[in-house]
Amino acid sequence: MSGRKNFYWITKNALTPSQCRRILEHAEGKWDSAGEMIGTSTRKVVTKNRKCSVAWLADQWIYDIIFPILNKANESAGWVYDITGSEDTQITRYEVDDFYTLHSDGDHDHFAIDKKEGTVRKLSITIHLNDSYSGGELRFCHYKNKTCQMYSENTLGIGDVIIFPSDIEHEITPVLYGTRYALVAWFRGKPYK
């Protein structure tokens with residue numbers, strides 16, 4: 001597990017169904033196509049590696065719910081990362097045939113260094129907001145002896161939370177039926193030496 005005590009950390013029923021519905025209600029009217037952004041002056045969405053919709057939220061009540069969960073996982077999993085802040089939360093909506101190919105959210109030393117604060121993504125969180133879909137599996141790739149072994153976590157339900165180091169490669173398999181909603185966020189800290 002890359003020298004870590006745990007590859008990922010799961011907390012079942014961390015949010016109530018009503019909290020999940022409240023988060024989804026706040027995303028109404030804020031949906032935009034997601035994909036890989038090409039260039040900074042013009043917006044061109046490429047769906048080769050990612051196809052879904054996103055809405056951005058920065059409501060304090062959401063952080064009030066997820067920070068205690070994140071802090072407990074950080075300690076209990078044995079990562080003990082120095083977390084100094086977070087980015088806005090993103091609600092992702094995956095409809096039938098939507099997906100996100102294998103990627104990582106950060107590699108601690110080089111990815112997305114915030115030029116103002118000098119921080120990088122250290123921990124990623126996914127909160128499942130509904131369970132009325134099939135497919136759309138969150139799968140992790142763990143390299144062992146240069147072989148990619150997929151770990152699948154398809155038993156997550158509404159209100160379940162999964163937290164993992166941001167450099168772990170993961171993907172969302174295509175949704176087969178229904179619509180998958182999840183809240184995702186990234187927690188930051190100073191780069192490793």
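Reply: Helices (H or I, at least four residues) and strands (E, at least two) are DSSP runs, numbered from the N terminus. By that rule the protein chain has two helices and 16 strands. Bear in mind that this is a predicted model, where local features need pLDDT of at least 70, side-chain atom pairs count only at pLDDT 80 or more, and totals for chains, interfaces and linings use all residues. Residues are numbered from 1 along each chain as its sequence is written, and side-chain values use heavy atoms, with hydrogens and water left out.

Me: How much of the protein chain is buried?

Reply: Buried means under 20% relative accessible area, exposed means over 50%, and partly exposed is in between (1.4 Å probe, protein chains only). Here, buried residues make up 44% of the 193 residues in the protein chain. For the surface itself, accessible areas come from the Shrake-Rupley method with a 1.4 Å probe, and for residues only the protein chains shown count as cover. The protein chain's accessible surface comes to about 10100 Å², and carbon and sulfur atoms own 49% of that.

Me: How many disulfides does the structure hold?

Reply: A disulfide is a pair of cysteine sulfur atoms within 2.5 Å. The structure holds zero of them. As for cysteines, Cys20 is buried at a relative accessible area of 0%, and Cys52 is buried at 5%.

Me: What about helix 1 and helix 2: at what angle do their axes cross?

Reply: Two packed helices are described by the angle between their axes and the distance between the axes. Axes are lines fitted to C-alpha atoms, for helices over the stretch in contact, and angles run from 0 to 180 degrees between N-to-C directions. In this model, helix 1 (residues 17–27) and helix 2 (residues 60–76) have axes that come within 11 Å and cross at roughly 145°. The crossing is left-handed, a label used if the near helix is turned anticlockwise from the far one by less than a right angle (right-handed if clockwise).

Me: Which residues of helix 1 and helix 2 make the contact?

Reply: Contact means heavy atoms within 4.5 Å. Helix 1 brings Gln19, Arg22, Ile23 and His26, while helix 2 brings Trp61, Ile62 and Ile65. Sorted by class, that contact has four nonpolar, two polar and one charged residues. For the classes, Ala, Val, Leu, Ile, Met, Phe, Trp, Tyr, Cys and Pro count as nonpolar, Asp, Glu, Lys and Arg as charged, and the others, Gly among them, as polar.

Also on helix 1 is Ser18, which is partly exposed at 42% relative accessible area. Ser18 and Gly159 are 141 residues apart along the chain, with their C-alpha atoms separated by 9.3 Å.

Me: What share of the contacts joins residues 24 or more positions apart?

Reply: Among contacts in the protein chain with a separation of 6 or more, residues 24 or more positions apart account for 82%. Strand 16 (residues 180–189) gives you examples, including Gly189. Gly189 is buried, at 0% relative accessible area, and its C-alpha is 4.9 Å from that of Thr119, 70 residues apart in sequence. Not counting residues up to four places away in sequence, Gly189 touches Asp82, Thr84, Thr119, Val120 and Lys122.

Val184 lies in strand 16 too, and at 13% relative accessibility Val184 counts as buried.

Me: Which loop holds Asp97, and what is its phi?

Reply: Asp97 is in the loop between strand 7 (89–94) and strand 8 (99–103). Its phi is near 75°, a positive value in a residue other than glycine. Setting aside neighbours within four places in sequence, Asp97 is in contact with Lys51, Pro174 and Val175. Val80 is another non-glycine residue with a positive phi, about 50°, and sits in the loop between helix 2 and strand 6 (85–86).
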